[in-house]
Amino acid sequence: MNNEKLQARKTQVIARGQGNVYPVYVEHAKNAEIWDVEGQRYIDFGTGIAVCNTGHSHPKVAAAAKAQIDKFSHTCVMVNPYEVAVELAEKLTDIAPGDSEKKAIFVTTGAEAVENCVKIARAHTGRRGVIAFNGGFHGRTNLTMALTGKITPYKNLFGPFPGDIFHAPFPIECHDITVKESLKAVENLFKVDIAPTDVAAIIVEPVQGEGGFYQAPPEFLQALRILCDQHGIVLIADEIQTGFGRTGKMFNFEYSGVEPDLITMAKGIAGGFPIAAVVGKSDIMDAPLPGGLGGTYGGSPVACAAALAVLDIITEENLIQRANDIGEIFNQRLSALKTQHPDLILEVRNTGSMIAMELIENGDAEQPNIALTQAIIANAAKYGLVLLACGFYGNVIRFLPALTASNDIIEEGLVKFTELFNKIS
Ligand code: PMP
């Protein structure tokens, strides 16, 4: 079987809406490398969209999952619960930012975690409104699509959306959107669209993921905390892409010193097993009545066992520090490219190992170079690389290496990327 034949079979039976970046079919993957069905090797700078922070099939994650499967794989945590779920909740409530007493719930996907935050915030406040930010991404279900601040491809064709969702600009220094402007826009919503006493929650990604890897300035998150406290609004941190060491802290909110009320966790939580969580202040988390939250697969025991292994690995292999070191290596190398191509590269930025390169035309920050970005992504596989794009205009290359990747692999990948960039640009 080869990639071309598999892609032809896939196109016949899987709808185009569930597209794939690369017509490269995985045969196996190990740590930071992937091998396809034709025996080609790729260095993976995508980690399945920020999921395999601990690398593909880390031996400890694989062993924990296998051991759990040998005991049992499903009873439903809402029918007969089990210790791995309790232990994981104990650990997550312990590592979540801030000192307040916390509780957790388990679900299966990131979007479900976001939806549940909104349910919990509404139950707690008795209010209806939710404020999110332009360019933010929160998922593909109806409510999370409505929260997502980008039409194409996420919302186009899919309305109607639930009401009472409002958007404000996200502060982005390199595009001259200041913290002051963003905060003023939120205050403006209170005058134009919804009274603050009707707002249940404000949801924010501390680093916009799909939106382009823009770090929220600490003073912005601090100001949101004050605003939420003033008006009794629940502050939701969407840490689905930023969590579990990815940005050089266990959770990105730690940089600001702000304690959110609710935190979404998914992706990096379990090294590739589908599990997500909401962790938040106990009094808020306990607002919904018994049976109001959950789902058949939420907190799968296999995924819980994998997640416990991931937490051990992050500590044992010092992956939080490693995220910063890897980010530094990428930033230095990509900044050298920026010096050579100042008209094409607006900015190289990283928070830990959330690393991005924003591409423009004619040295103009407001002319996104979508064609160059697409050409780089389209040709990456030929250079043995897995790369992803992101950004409000789709003009940002994002690098999400495994935090367990060796310096040699990173160096090899960066050499390939440099060759690719110089060839295409
Ligand atoms: N929020 C953020 C910040 C995300 O990055 C994502 C996934 N890209 C989601 C929510 C949705 O997660 P999922 O795809 O697991 O539903």
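A residue is called buried here when its relative accessible area is under 20%, exposed when that area is over 50%, and partly exposed in between (1.4 Å probe, protein chains only). The legends below describe a predicted model, in which local features need pLDDT of at least 70 and side-chain atom pairs count only at pLDDT 80 or more, while totals for chains, interfaces and linings use all residues. Residues are numbered from 1 along each chain as its sequence is written, and side-chain values use heavy atoms, with hydrogens and water left out.

**View 1. Asn 116, a buried residue in helix 5.**
Let's start with Asn 116, which sits in helix 5 (residues 110-125). Helices (H or I, at least four residues) and strands (E, at least two) are DSSP runs, numbered from the N terminus. Asn 116 has 5% relative accessibility, so it counts as buried. Its side chain reaches the backbone oxygen of Glu 112 at 2.7 Å. That is a polar contact, meaning a pair of N or O atoms within 3.5 Å; within protein, one must be able to donate a hydrogen and the other to accept it, and residues adjacent in sequence count only if both atoms are side-chain atoms.

Which residues are around the ligand? They are Thr 109, Gly 110, Ala 111, Phe 137, His 138, Gly 139, Glu 205, Glu 210, Asp 238, Ile 240, Gln 241 and Lys 267.

Look at Gln 241: an N or O atom in its side chain is 2.9 Å from an oxygen atom of the ligand. As for cover, the ligand on its own has 390 Å² of accessible area, and the protein covers 83% of it. Accessible areas come from the Shrake-Rupley method with a 1.4 Å probe; for residues, only the protein chains shown count as cover.

Helix 3 (residues 59-71) has 13 residues and reaches 19 Å from its first C-alpha to its last, close to the 18 Å expected at 1.5 Å a residue. The expected span is 1.5 Å times one less than the number of residues. Its buried residues are Val 61, Ala 65 and Gln 68. Why do the buried residues line one face of helix 3? Seen down the axis, they fall within an arc of 65°, so they share that face; the arc is that of the directions from the helix axis to the C-beta atoms. An α-helix has 3.6 residues a turn, so residues three or four places apart point the same way. On the face of helix 3 turned away from its buried side, you'll find the exposed residues Pro 59, Lys 66 and Asp 70.

**View 2. Two cis peptide bonds in a loop.**
Pro 153 lies in the loop between helix 6 (142-147) and strand 6. Another cis peptide bond, also with omega about 5°, joins Gly 159 and Pro 160, and Pro 160 lies in the loop between helix 6 and strand 6.

Phe 213 is found in the loop between strand 8 (207-208) and strand 9 (214-215). Its phi is near 60°, a positive value in a residue other than glycine. Is Phe 213 buried or exposed? At 3% relative accessibility, it counts as buried. Asn 318, in the loop between helix 10 (301-316) and helix 11 (319-340), has a positive phi of about 55° although it is not a glycine. Asn 318 is partly exposed, with a relative accessible area of 48%.

**View 3. Thr 247 and its polar contact.**
Thr 247 is in the loop between strand 10 (234-238) and strand 11 (262-265). With 0% relative accessibility, Thr 247 counts as buried. A polar contact of 3.1 Å joins its side chain to that of Asn 252.

Key:
Near = heavy atom within 4 Å.
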